[in-house]
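Trainee: I am new to this structure and would like a close look at one part of it, and then at what lies around that part. Could you take me through it slowly?

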Number of protein chains: 2
Amino acid sequence: MDHVIRSNQPGHTTIGLTAVVVAVTEEDPRVLVARRMTHDLATPAQAGTGDRAFDSPETLPFGPFEPTHHRTLELGLRQWVEDQSGLDLRYVEQLYTFGSQYRDPRELAGGPRVVSVAYLALTQESPLAGSGEAQWRPWYSYLPWEDWRSGRPPVIDTVIRPALTHWIDEAPNLRTRHERKERVAICFGSEAGFDMVRSLDRYELLYSAGLALEAIRDAHIMAQAHGLPPEPPPPETLAAARALGDPMALDNRRILASALGRLRGKLDYRPVVFDLLPPEFTLFRLQRVVEALSGIDVHKQNFRRTVMAAELVEPTGHIEASGRGRPAETYRFRRDVMQEKHDVGISLSAPRLGG
Amino acid sequence: MDHVIRSNQPGHTTIGLTAVVVAVTEEDPRVLVARRMTHDLATPAQAGTGDRAFDSPETLPFGPFEPTHHRTLELGLRQWVEDQSGLDLRYVEQLYTFGSQYRDPRELAGGPRVVSVAYLALTQESPLAGSGEAQWRPWYSYLPWEDWRSGRPPVIDTVIRPALTHWIDEAPNLRTRHERKERVAICFGSEAGFDMVRSLDRYELLYSAGLALEAIRDAHIMAQAHGLPPEPPPPETLAAARALGDPMALDNRRILASALGRLRGKLDYRPVVFDLLPPEFTLFRLQRVVEALSGIDVHKQNFRRTVMAAELVEPTGHIEASGRGRPAETYRFRRDVMQEKHDVGISLSAPRLGG
DNA sequence: CACAATATGCTCAGATTGAGCATAACGCCT
DNA sequence: AGGCGTTATGCTCAATCTGAGCATATTGTG
């Protein structure tokens, strides 16, 4: 497979495919990651820092795009993910194409520009085949500020807000200061205005403010490349960054954040949840999955009403005795609604407190 | 610049950037096209057919991605579009990455796979600098069934529906027949269910049914490549395809359709219209632009109410005497709303009759 | 000066949405 | 058996939003 990544002249490009494979178990959204970099695309290990950002960051599944084997980009992605993981990808959607300079730091050493087409894929969680390199990881462990299911995450007020306020204050001039203030207001503004879909904006803000370990890592790499002494970040910033979730290799956490936002947006107007569920499910199970993805709790009775009114599901006639409490009826997704209706989806509003 | 497109071994890839540059003059949405293919990427001219699909199809602006000059994909696109056209791109957004086999037919002759990252860019229409190859073209001339501003376009009932009904009837088996029926229902179903955002689905359906001249062209090319005698389409199909708007080179009409859908979707929740307007405008002018993009007429008084309630604009105090009728007050966009509000946009519903 | 054309303001009924109350059906405990 | 906690499910109600129309204001034109 390495014949695709063979060019080493500067000015050359390489195309890869990155997958954000999502599943939901019970109430936990998970993403498929690999412990080691596929094709050894990891940042050069930097011994002694003791930081996962440097030592062994997790990566999203990545593979080369091979035009001789792959009729389309999407088929290429499907093929190698399904081959390597044994998963059955139920829904695949192109997310975004990333091609910034030095997104693979080996470009600094004359390596090619690695352009990566990122895909979002939905599946049911199942045991993983293959070499055991891949594993499911809860995706809010990478983006902890995105999980509002038990109310506003404390980390926003204890870590993010103070650090961002400090970042605003140290702006070099008034103009930058105003810009920073505006970005912070948009991304982490009032309780009411927290827009669950803008997860990418929030990650990028944290990265800009040096509050993602990846930002610190990249600054380090760039300094080294220019022969400058690496300037260590202020200890508070480093501590804050450490408290803000696990880092990933390269720009993979950015890709994850964009997948989260896209998926949340899709929930509103396309029935994507059903690709994460077994054929039969209770309405509450459905609700839990929606909450897991959207990151917020919804009003149970109204959720029911919306789903029923949309005629997205039909009762199977079966009853699921789950343990304590009244047993629930099970439902199945009506694949044919796509034909009749158009705006089929489950709309949500801003986060609410409690449940 | 050609050093990027130099590889001719099969199995190689090339990355390009394609731009859908949009402007609105008065009430006509327009798109920037080039008469000839940039870098001679046109389909091989096929003399004697007398069809624009074969002879000189228009193309979207296309340029190579040059990693040595371009820090990011978006900057690369901005740079060469602005350099070549002299336009000031006000808003740029990545659309989709296209990488299907034979999307550049020269791949059949051992050429590289051309992967193209498509961008949507908004600007104000202005005279074009440069060689005069580029020009503004009304974009509904490529997708005439998308313009519902004077009610349901007649072409849907006179051309599309009959042709699609015929396509359903000639399905090789019941399963295909059902699938085709479903797709037709989703894309060109009832009046009420016409979802303006799904323009890509509709183009792809027409392409599948052979009702886009590009589909006929591609079938022709593929037949030739396999040494088969080109099978001419039934005359009714060809006539229908000719009646369904102008074709474009390669898959460029598909890219245009996806841009239209994306832009329509964005209208709802981001204030993108203002990037197509001068700094001061009347509310009716704003309405005309929204209608031009969304393809449907809106209720004047309610549109006003929505815009005012969202506090998207503020009065300038000026009055525009446009000719007959009461002169209108002019407004300007409040850039700062982005900071306060989140769901800023102009939401629309399904198409309605009259105006 | 009537009238056509456009801008702008207001009303109102029907649909949608957010939130809570009430009842039903189970397991578990005493 | 009966009370209790727990979950499922059904219903109500007020606040808001939305679609559609009526009314009035301000201009140019015949």
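Mentor: Gladly! The expected span of a helix is 1.5 Å times one less than its number of residues, and helices (H or I, at least four residues) and strands (E, at least two) are DSSP runs, numbered from the N terminus. This is a predicted model, in which local features need pLDDT of at least 70 and side-chain atom pairs count only at pLDDT 80 or more, while totals for chains, interfaces and linings use all residues. Residues are numbered from 1 along each chain as its sequence is written, chains are lettered from A and ligands numbered from 1 in the order in which they are written, and side-chain values use heavy atoms, with hydrogens and water left out.

Let's begin with helix α7 of chain A, residues 252-269. Its 18 residues should span 26 Å at 1.5 Å a residue, and the C-alpha atoms at its ends are 27 Å apart, which agrees. How many of its 18 residues are buried? The count is 15, so α7(A) is largely enclosed by the rest of the structure. Here buried means under 20% relative accessible area, exposed over 50%, and partly exposed in between (1.4 Å probe, protein chains only).

Now step back into the loop between α6 (235-243) and α7 of chain A, where you will find A:L250. Although A:L250 is not a glycine, its phi is positive, about 45°. A:L250 is buried, with a relative accessible area of 9%.

The loop between α6 (235-243) and α7 (252-269) of chain B is worth a visit too, as B:D251 lies there. The side chains of B:D251 and B:R103 form a salt bridge, 2.8 Å from N to O; the term stands for a side-chain nitrogen of Lys or Arg within 4 Å of a carboxyl oxygen of Asp or Glu. Because B:R103 sits in the loop between β4 and β5 of chain B, the pair ties together parts that are 148 residues apart in sequence. Both B:D251 and B:R103 are buried. In chain A, salt bridges that share partners join A:R35, A:E58, A:R137 and A:D246 into one network.

The loop between β4 (91-98) and β5 (113-122) of chain B also holds B:Y102. B:Y102 has a positive phi of about 65° without being a glycine. B:Y102 counts as partly exposed, at 30% relative accessibility.

Another residue to look at is B:E214, in helix α5 (residues 213-225) of chain B. B:E214 counts as buried, at 1% relative accessibility. Apart from neighbours within four places in sequence, B:E214 is in contact with B:Y203, B:Y207, B:P247, B:M248, B:L250 and B:R253, contact being heavy atoms within 4.5 Å. The side chain of B:E214 also reaches the backbone nitrogen of B:M248 at 2.9 Å. B:P57 is 157 residues from B:E214 along the chain, and their C-alpha atoms are separated by 9.8 Å.

α8(B) is mostly covered, with nine of its 12 residues buried; among them are B:L283, B:L286 and B:V290. After α8(B) comes B:G295, with a positive phi near 85°.

Finally, how do the two chains meet? 34 residues of chain A are in contact with 34 residues of chain B. The area buried between them is about 3200 Å², with 51% from carbon and sulfur atoms; buried area is the accessible area (1.4 Å probe) that two parts lose on being put together, summed over both. The count between chain A and chain B is one salt bridge: A:R270 pairs with B:D195, the closest N and O atoms being 3.9 Å apart. On the side of chain A that touches chain B, the elements giving two or more residues are β1 (13-25), β4 (91-98), β5 (113-122), α3 (174-188) and α10 (337-340) of chain A. β4(A) gives the most, with four residues.

Terms used: Polar contact = N/O pair within 3.5 Å; in protein donor to acceptor, adjacent residues only side chain to side chain.
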